[in-house]
Amino acid sequence: MDVILTKVIRVDPLNPDLNKIKVCCEAAHRGAIFVFPTETVYGLGAYAFDEEAVKRIFIAKGRPIDNPLIVHIANARQLEEVVDEIPETLNKLLRSVWPSPLTVILRKRPSVPRVVTAGLETVAVRMPAHPVALKLIECVGPVAAPSANISGRPSPTTSHHVLIDMYGRVDIILDAGDTFFGVESTIVDLTSTPPKLLRPGPIPVEKLREILGTEIEVPPVARGLCESGRALAPGMKYRHYAPQTKLIVAECQNYQRIDLCAEQLAEIIGRQYVDKGMKVVVIASKETKHIYESRGIKTLVIGSRNNLYEIAKNLFTVLREVDRLGVDLAVAEGFEEYGIGLAIMNRLRKASGYNIIRI
Ligand code: TXA
Ligand code: MG
């Protein structure tokens, strides 16, 4: 890949300078690809109807061409540009929940380029709840964008992650500091009955059931328990979020007694790895850190178990940090699969390549 001259533009996340947005918008209309902040993770975008620009996204990320992109919109008019007619009740509902970290799969309009949807008849759509993203998309038009990481790496949640992965690969980086949630949007397929959760995210499935007023199917892939073959969400079949370092997820049968699980895990790690000369780090919570350290096992603290949003926000930074420690093995504690905990466990299990132990 040729090195591209990247322009980095710093922008205030909450009160963006519209002149800076305009620079990016005009470049997008000339075929530029750009990194922009959303409330979940940074995206790598192009004007969705510019096929050549969209193809450049796949090259910049090293993304397989059969993995479709999400189309980001900023208003109801843009929704009409990308999806086939939808019932008025659904339209109303989407207007009431958006902007938010919720992506829905709907039938696409024929005019949406095949490269965006990887040839599928459906399109993933979302309206991000981030002032910079909204202003930008309002100006550009519908924006096709995956997460702005190199394929396989954890999604970027800080400007540091973005610069490391994308500098020299894209035309513009809009740097607005840290994203808000730290894990990607919840994806629900509304073309199946009942609707199916394809990827858990910041909007919990419990909340989604309430919003949609229906049952929602949660297949094992959505929990990160297995790969889907050829797929509704083809993204699920690739290794994701993965550090180079070998990673194991240690799931506890009863998170009310996480202290007991941590004691047992520390004992296992000591006996099976540390005593054999391996360097190990445990991705631990504030509450359990001392248990490992008292046995001389190094830890990386991911946050407090009392605040799963904090854990989600730190998750990808921690997964990236693991590789810098030069350890032979990382062991991540599991979390309860409730609320955003489901998204955390989906990412952790996938990052480990399904290397799971249950305690
Ligand atoms: O929070 C997010 O969703 C971020 C920000 C940038 O918006 N985007 C993001 O995009 O995570 P990406 O490409 O990394 O993940 C999108 C997932 C992929 O697994 C893809 O396979 C799936 O959505 N997807 C896209 N279009 C689809 C479709 N028509 N049917 C099923 N799955 C689809
Ligand atoms: Mg991604």
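C252 is buried in this predicted model, at 7% relative accessibility (buried means under 20% relative accessible area, exposed over 50% and partly exposed in between, with a 1.4 Å probe and protein chains only). Its partner is C261: a disulfide joins the two, with 2.0 Å from S to S (a disulfide is a pair of cysteine sulfur atoms within 2.5 Å). C261 is likewise buried, with a relative accessible area of 10%. The angle about the S-S bond is 75°, and the link of C252 and C261 is right-handed. In general terms, a disulfide is a covalent bond between the sulfur atoms of two cysteines.

Residues are numbered from 1 along each chain as its sequence is written, while chains are lettered from A and ligands numbered from 1 in the order in which they are written. The model is predicted, and local features need pLDDT of at least 70, side-chain atom pairs count only at pLDDT 80 or more, and totals for chains, interfaces and linings use all residues, with side-chain values based on heavy atoms and with hydrogens and water left out.

A search of the whole structure finds two disulfides. Besides the link of C252 and C261, there is a disulfide between C25 and C139, whose sulfur atoms are 2.1 Å apart. The link of C25 and C139 is left-handed, with -85° about the S-S bond. C25 lies in helix α1 and C139 in helix α6, so this pair ties together parts that are 114 residues apart in sequence (helices, H or I with at least four residues, and strands, E with at least two, are DSSP runs numbered from the N terminus). When the bonded cysteines of the chain are numbered in sequence order, the pairing reads 1-2, 3-4. C24 is in no disulfide, and the nearest cysteine sulfur, that of C25, is 7.6 Å away. C24 is buried, with a relative accessible area of 1%.

Helix α1 covers residues 18-29 and helix α6 residues 131-140; their axes come within 9 Å and cross at roughly 45° (axes are lines fitted to C-alpha atoms, for helices over the stretch in contact, and angles run from 0 to 180 degrees between N-to-C directions). That angle makes α1 oblique to α6 (under 35 degrees counts as roughly parallel, over 145 as roughly antiparallel, 65 to 115 as roughly perpendicular and the rest as oblique). The crossing of α1 past α6 is right-handed, a term used when the near helix is turned clockwise from the far one by less than a right angle, anticlockwise being left-handed. On the α1 side the contact is made by L18, I21, C24, C25, A28 and H29, and on the α6 side by V132, K135, L136, C139 and V140 (contact means heavy atoms within 4.5 Å). Sorted by class, these are nine nonpolar, one polar and one charged residues (Ala, Val, Leu, Ile, Met, Phe, Trp, Tyr, Cys and Pro count as nonpolar, Asp, Glu, Lys and Arg as charged, and the others, Gly among them, as polar).

A28, in helix α1, is buried at 2% relative accessibility. Leaving aside residues up to four places away in sequence, A28 touches F34, Y47 and V140. L212 lies in helix α8, residues 205-212, and is partly exposed at 21%. With the same exclusion of residues up to four places away, L212 touches L93, L190 and P195. L212 and V97 are 115 residues apart in sequence and 10.0 Å apart in space, C-alpha to C-alpha.

Most residues other than glycine have a negative phi, and most peptide bonds are trans. The peptide bond from W98 to P99 is cis, with omega near -5°, and P99 sits in the loop between α4 (88-97) and β5 (102-107). The bond from T193 to P194 is also cis, with omega near -5°; P194 is in the loop between β9 (186-189) and β10 (196-199). A118, although not a glycine, has a positive phi of about 55° and is placed in the loop between α5 (114-117) and β6 (122-126). Y354, not a glycine either, has a positive phi of about 65°. Y354 is found in the loop between α12 (341-351) and β15 (356-358) and is partly exposed, with a relative accessible area of 24%.
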